[in-house]
Amino acid sequence: MMEWRDEGALLSVRRHGESSAIIEVFTAAHGRHAGVVRGGASRKISPILQPGAQLDLTWKARLDEHMGAFTVEPLRSRTALLGDRLGLAGLNAICAMLHVTLPEREPHSALWQESMALLDALDRPGWPPAYLRWEMRLLEETGFGLDLTRCAVTGSREDLAFVSPKTGRAVSRGAAGGWADRLFPLPLALLGQGPASAEEVRQGLAITGHFLGRELAPLLNGRPLPEARGRLMELLARA
């Protein structure tokens, strides 16, 4: 019998049979992991199984490769976000992006800590820049990180103004020349310089979205990035 105990955030839940549920969680030490919760559709347990909820989890299975079963205990509910349209959109986007980005059962302890901190921040104002930084971190988890430290053409660290949609590297204003309209504008928010305006966050998410879509293309099989991320982008555009 295989067994472990861990802490995780609930990414998704779907009914399984008459009374059970299959949940997917992002755990501290066991990564993205699915399992059955017996009685998960009951009145007692179903209110606990809400996306974003932080859970104390025990997983058991006869063999490691089996789906196995979870027993769950609530640690933190994030149902307060149900009355916050933007915060709820952020929560759903985080859950959806973790689902499509992370391979199953592969630990990402640093990303887990950053993800929990971001989920905790959603009920406070001013969190969208943190979401942008989180997507940059998510992009690094795919093996492709942006290089915004120096100009890809001249090597200069001065007057960086654009990002190449091909390489993900910064380009200075002078080096861009006639190619500027084919490059992404580089918001200061991606460089961690000064407060991030709503427009800078949107510009930054256009960049991370472009590269996440490209790097995840084999997993997406021609589909776009999750609709939940698109809804967040729409709400940010109205902010």
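Modeller: A pocket is an open set of grid points with protein on both sides within 12 Å along at least five of seven lines, and a volume is the space filled by probe spheres set on the points. The model is predicted, and its largest pocket has a volume of about 270 Å³.

Biologist: Which residues line the largest pocket?

Modeller: A lining residue has an atom within 4 Å of a point. The list holds Ala152, Val153, Ser164, Pro165, Lys166, Thr167, Val171, Ala175, Ala176, Trp179, Arg182 and Leu183.

Biologist: How many residues of the lining are nonpolar, polar and charged?

Modeller: The lining divides into 8 nonpolar, 2 polar and 2 charged residues. Lys and Arg count as charged, and Lys166 and Arg182 are among the lining residues.

Biologist: What are the overall dimensions and content of the chain?

Modeller: The C-alpha atoms fill a box of roughly 65 × 40 × 30 Å along the principal axes. The secondary structure comes to 8 helices and 8 strands. Of the 239 residues, 46% count as buried.

Biologist: Why is cysteine 95 called buried?

Modeller: The cut-off for buried is under 20% relative accessible area. Cysteine 95 has 6% relative accessibility, so the label is buried. Cysteine 151 has a relative accessible area of 1% and is therefore buried as well.

Biologist: How many disulfides does a search of the whole structure find?

Modeller: A disulfide needs a pair of cysteine sulfur atoms within 2.5 Å. The search finds 0 disulfides.

Biologist: What makes tryptophan 4 and phenylalanine 70 an aromatic pair, and what kind of pair is it?

Modeller: The structure holds 4 aromatic pairs. Ring centres must lie within 6.5 Å, and planes over 60 degrees apart count as edge-to-face. For tryptophan 4 and phenylalanine 70 the values are 6.0 Å centre to centre and 70° between the planes, and the pair is edge-to-face.

Biologist: Why does the pair of tryptophan 4 and phenylalanine 70 tie together separate parts of the sequence?

Modeller: Tryptophan 4 is in strand S1 (residues 2–16) and phenylalanine 70 in strand S5 (residues 69–76), so the pair joins parts that are 66 residues apart in sequence. Tryptophan 4 and phenylalanine 70 are buried. Ring pairs also link Trp4, Trp59 and Phe70 into a cluster.

Biologist: Why is the pair of phenylalanine 144 and phenylalanine 211 called stacked?

Modeller: Planes under 30 degrees apart count as stacked. The planes of phenylalanine 144 and phenylalanine 211 stand at 25° and the ring centres are 5.1 Å apart, so the pair is stacked. Phenylalanine 144 lies in the loop between helix H3 (128–141) and strand S6 (160–163), phenylalanine 211 lies in helix H6 (residues 198–215), and the pair therefore ties together parts 67 residues apart in sequence. Both phenylalanine 144 and phenylalanine 211 are buried.

Biologist: How do you know that arginine 214 lies over the face of phenylalanine 144?

Modeller: The distance limit for a charge over a ring is 6 Å from the ring centre, with a position within 35 degrees of the ring normal. Arginine 214 is at 4.8 Å from the ring centre of phenylalanine 144 and lies over its face.

Biologist: Is leucine 212 buried or exposed?

Modeller: Leucine 212 lies in helix H6. Its relative accessible area is 0%, so leucine 212 is buried.

Biologist: What sets phi of arginine 105 and asparagine 221 apart for comment?

Modeller: Phi of arginine 105 is near 60°, a positive value in a residue other than glycine. Phi of asparagine 221 is near 55°, also positive in a residue other than glycine. Arginine 105 has 32% relative accessibility and therefore counts as partly exposed. Asparagine 221 has 60%, so this residue counts as exposed.

Definitions and conventions: Residues are numbered from 1 along each chain as its sequence is written. This is a predicted model: local features need pLDDT of at least 70, side-chain atom pairs count only at pLDDT 80 or more; totals for chains, interfaces and linings use all residues. Side-chain values use heavy atoms; hydrogens and water are left out. On a 1 Å grid over the protein atoms alone, a cavity is a set of points where a 1.4 Å probe fits but cannot get out, and a pocket is an open set with protein on both sides within 12 Å along at least five of seven lines; lining residues have an atom within 4 Å of a point. Buried means under 20% relative accessible area, exposed over 50%, partly exposed in between (1.4 Å probe, protein chains only). Helices (H or I, at least four residues) and strands (E, at least two) are DSSP runs, numbered from the N terminus.
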